[in-house]
Amino acid sequence: MRIRCHLQIVALAIFLCPAPALVAEEAYVSLSKEQKIAVFDIDEATGKLSLFAQWETPGQPGAMAFNQSGDRLYVAMKSKGGIATFEIGDGGESRMLGTVAMDGSAGFLHVHPSGKFLFCS
């Protein structure tokens, strides 16, 4: 059974994925003022964070959620009132697939296990 644990504290989302395809655990952090997402590798032995990458976002990022397979990241845009979708490559690189406009800003995102629905509030 695959278990995905989510911890979100002040725009910090850490996703611990025991899937064998992932080599290291990673932390994804919303950098709202910089309009970026910072990706950190987590050293499993020490817990030390090392900056791996920074991705530009089309607005101020907030809540984030991964799909079940971990290859899509959905990010609420606080400043623009929408959601951006990123494709995550095997090497950790990203590519923005698109955005969806919405009224207001989502403070919470959750992807249905089927991957067919994205819930936001």
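The stops below cover a sheet and then the aromatic side chains.

This is a predicted model, in which local features need pLDDT of at least 70 and side-chain atom pairs count only at pLDDT 80 or more, while totals for chains, interfaces and linings use all residues. Residues are numbered from 1 along each chain as its sequence is written, and side-chain values use heavy atoms, with hydrogens and water left out.

Strands are DSSP runs of E with at least two residues, numbered from the N terminus, and two strands pair if DSSP finds at least two bridges between them.

Next, select strand 8 (residues 82-88), which pairs with strand 9 in the antiparallel sense over seven bridges. Isoleucine 88 has serine 94, in strand 9, as its bridge partner.

Turn now to the four aromatic pairs of the structure; rings of Phe, Tyr and Trp (its six-membered ring) pair if their centres lie within 6.5 Å, and planes under 30 degrees apart count as stacked, over 60 as edge-to-face and the rest as tilted. Select tryptophan 55 and phenylalanine 86: the ring centres are 6.1 Å apart and the planes at 25 degrees, so the pair is stacked. Tryptophan 55 is buried at 6% relative accessible area (buried means under 20%, exposed over 50%, partly exposed in between, with a 1.4 Å probe and protein chains only). Phenylalanine 86 is likewise buried, at 2%.

Finally, select Tyr28, Trp55, Phe66 and Phe86, which form one aromatic cluster.

Technical notes
Helices (H or I, at least four residues) and strands (E, at least two) are DSSP runs, numbered from the N terminus.
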